[in-house]
Amino acid sequence: MKKQFINSLSSGEAVDDLFVLSEKTLGQKKDGNPYLNATLCDRTGSIKAVAWDNVSQISGNVSNGDFVKIRGLVSEYKGILQLVIREMTAHDPETVDAADFLPVSRRNPDTMLERLQKLIDSVQCPHLKQLLESFFNDTEFVRKFTSAPAGKKMHHAYIGGLLEHSLSVSILADKVASHYSGIDRDLLLAGALLHDVGKIREFSYRTAIDYSDEGRLLSHIIVGLEMVDEKLNAIHGFPEEKALLLKHMIISHHGTREFGSPEPPKTIEAVLLNYVDEIDSKVNAIREFMDKENTGETWTSFHRLLGRHFYMGNHQETSGR
């Protein structure tokens, strides 16, 4: 049984436990000898790890995604904890409790699916409703959609994250649609519910959350577009213009080419989807970051991806996904 979890490790602590090897890369020291950089994970988070000695022996028999038995020591480097590895060996996955290693949404999936279904039921356009039902009446799709994460690290990076994120974006989209006049509410809602469906194939998440080969080669935007297009082709008489506008929302929901969208949003509904998607992903990412650093300090450490510290304030009283 696993006893040492990443969120409870402290500098100077000896480690002798199981982790998932999420990533490993070799570098070269000034003397020409190799060193190992690695990322280790469990359900509470991840920690950077390094091995300076016996690198070939330590890294030679393990691969990304393996369960590994680690012996080492936690240290601190530039204010961030890291684990100095002394031994690392592959561990039999059949003897492991997977619940120790993959973080899971705190929200009840059945409750989320029930609310998502109510949103689908509220769609008035028969063609869009038929499209949504072709996805969410598909038992195998729902199983994957319910278990998939929505990200590897940045946001909703846990089992059930895709369902949680998609529902939240759809609720936000529904509220925004009622605030502005002239919005195609059904189209916006369909885009919100389907914008990330490609993530059921973009990620693999058996031992750790990582990108699948398909995800790395195509991205969830292209995969999702293919999935939606396949469903659209099976619906007789689906309006051509509405199909085009929906597909545009999917390919543009990241906002710019810099962030992975082949085209920027060019309709009001696409612009709204881009912003509500960003709101939900950023809020979740910041809250997750605060949760990991909720040690009583007024400010968080520096968030590298978002480029700032965050004020904790009364986060302890209001935290939650």
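Me: Which helices do the buried residues of α5 pack against?
Reply: The model is a predicted one. In α5 the buried residues include G161, L162, L163, E164 and H165, and also A173 and A177. These buried residues pack against α2 (109-121), α4 (139-147), α6 (185-194), α7 (199-202) and α10 (268-292).

Me: What span should the 19 residues of helix α5 have at 1.5 Å a residue, and how far apart are its end C-alpha atoms?
Reply: Helix α5 covers residues 161-179. The expected span is 1.5 Å times one less than the number of residues, so the 19 residues of α5 should span 27 Å. The end C-alpha atoms of α5 agree with this, being apart by 27 Å.

Me: Is H248 buried or exposed?
Reply: H248 belongs to helix α9 (residues 240-252). Beyond its neighbours within four places in sequence, H248 contacts P264, P265, K266, T267 and A270. Buried means under 20% relative accessible area; H248 has 14%, so H248 is buried.

Me: Is Q28 buried or exposed?
Reply: Q28 is part of strand β1 (residues 14-28). The cut-off for exposed is over 50% relative accessible area. The value for Q28 is 63%, so Q28 is exposed.

Me: Which backbone oxygen does the side chain of Q28 reach?
Reply: Not counting residues up to four places away in sequence, Q28 touches N33, P34 and Y35. The side chain of Q28 also reaches, at 3.2 Å, the backbone oxygen of G32.

Me: How far apart in space are Q28 and K292?
Reply: In sequence, Q28 and K292 are 264 residues apart. C-alpha to C-alpha, the distance between Q28 and K292 in space is 32 Å.

Conventions
Residues numbered from 1 in each chain as written. Predicted model: local features only at pLDDT ≥ 70, side-chain atom pairs only at ≥ 80, totals over all residues. Heavy atoms only, no water. Helix = DSSP H or I, 4+ residues; strand = E, 2+ residues; numbered from the N terminus. Buried < 20%, exposed > 50% of the residue type's maximum accessible area, 1.4 Å probe, protein only. Contact = heavy atoms within 4.5 Å. Polar contact = N/O pair within 3.5 Å; in protein donor to acceptor, adjacent residues only side chain to side chain.
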